[in-house]
Amino acid sequence: MAEANKTKKNVKANPFQSIKREVWKELNGKITLQLSQEQIKGLQALNEPLTMQEIEEVYFPLAHLLDIHRQEYLNLHHKTNIFFNKEERSLPFIIGIAGSVAVGKSTTARVLQKVLSFLPDRPKVELVTTDGFLYPNKKLVERSILNRKGFPESYNTRLLLKFLANMKSGDCYQEIPVYSHLEYDILTDEKQVIDYPDILIVEGINVLQVNSQAKKNSGVYVSDYFDYSIYVDAKEKNIRKWYVSRFETLRKTAFQNETSYFHKYANLNLMQSKSTALNIWKEINLPNLERNILPTRYRADMLLVKGKNHFVKEIKVRKI
């Protein structure tokens, strides 16, 4: 008996169940969708491979699982309407997607938006990235934190929280800032309109982080407004490799544009480009990953674990 108790104590608590891709891909029972190569290309981000097989094997089952949660959410809304003798419209089901720079969050978010929109009831799915809630460069310069863009303090957390609070209060028509990666700044004359979505996807490196302005907002966190959260995970050495590769591709393409904020890197040779990207990774992105992003990984309801080829190899789902 003592030996059995000792063995039991040595079992490490784990709130997640791990599912290998070959098992996960068999779990879809709802989604059927065929996309053209042009449509797939429109969903993928720079240097992030995406195939119809990846969509079918990873995102179809994911959309099915998310719809199970959403249907329970809608069912609860219906029952509470009956309880309170009201006929109020249901609020958006909000999904948060977090992870490191260059890990593939934006591709995950766009694919999920597309696949979820083909659920049987054809929900309206909107996608918001937290880049739009970065402070303008002018304010970052005033605060001497332009080189810390992407760190918690570089975001207007109060504005992001206000947006999410409005969405979860029934004020579901909102205009939010738009960020330009070309200009590396908020666009002053452009807004993104969010108009009563059934599902809202919020994607960004900071969405599971502890609120840096908690004292001003009574300890409310961005993730408090999520109905489901996903963390896109990979080994640091792989993310670093993807970041360097993406930087080099941008150097040869977008950075050549004279209006690009990063045009100063356009004339680097291959060796200089890799060295510059590695330095940026080590000085900015890696510290942010280690201090602010990676520690939030297990706050998520699901982890999409990627292999070195950028494809998902394992799914970890929080146990219920």
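Residues are numbered from 1 along each chain as its sequence is written. Because the model is predicted, local features need pLDDT of at least 70 and side-chain atom pairs count only at pLDDT 80 or more, while totals for chains, interfaces and linings use all residues; side-chain values use heavy atoms, with hydrogens and water left out.

An unreviewed UniProt entry puts a "binding site" at Gly99, Ser100, Val101, Ala102, Val103, Gly104, Lys105 and Ser106; such annotations may be inferred rather than shown by experiment.

Helices (H or I, at least four residues) and strands (E, at least two) are DSSP runs, numbered from the N terminus. Gly104 is buried, at a relative accessible area of 3%; buried means under 20%, exposed over 50% and partly exposed in between, with a 1.4 Å probe and protein chains only. Setting aside residues up to four places away in sequence, Gly104 touches Glu48, Lys306 and His310, where contact means heavy atoms within 4.5 Å. Ser106, in helix H5, comes out as partly exposed at 21%. Beyond its neighbours within four places in sequence, Ser106 meets Ala45, Glu48 and Glu203.

Next comes Glu126, part of strand S3 (residues 125–129). Glu126 is buried but has no salt bridge, and Lys124, the nearest side chain of opposite charge, is 4.0 Å away. A salt bridge needs a side-chain nitrogen of Lys or Arg within 4 Å of a carboxyl oxygen of Asp or Glu. Contacts of Glu126 outside four places in sequence include Gln113, Val193 and Asp195.

Finally, Asp227 lies in the loop between strand S6 (199–203) and strand S7 (228–233), and is partly exposed at 27% relative accessibility. Not counting residues up to four places away, Asp227 touches Tyr73, Pro92, Phe93, Ile94, Lys168 and Asp301. The side chains of Asp227 and Lys168 are joined by a polar contact of 2.7 Å; that term covers a pair of N or O atoms within 3.5 Å, where, within protein, one must be able to donate a hydrogen and the other to accept it, and residues adjacent in sequence count only if both atoms are side-chain atoms.

Note on methods: Lys and Arg count as positive and Asp and Glu as negative; His and the chain ends are not counted.
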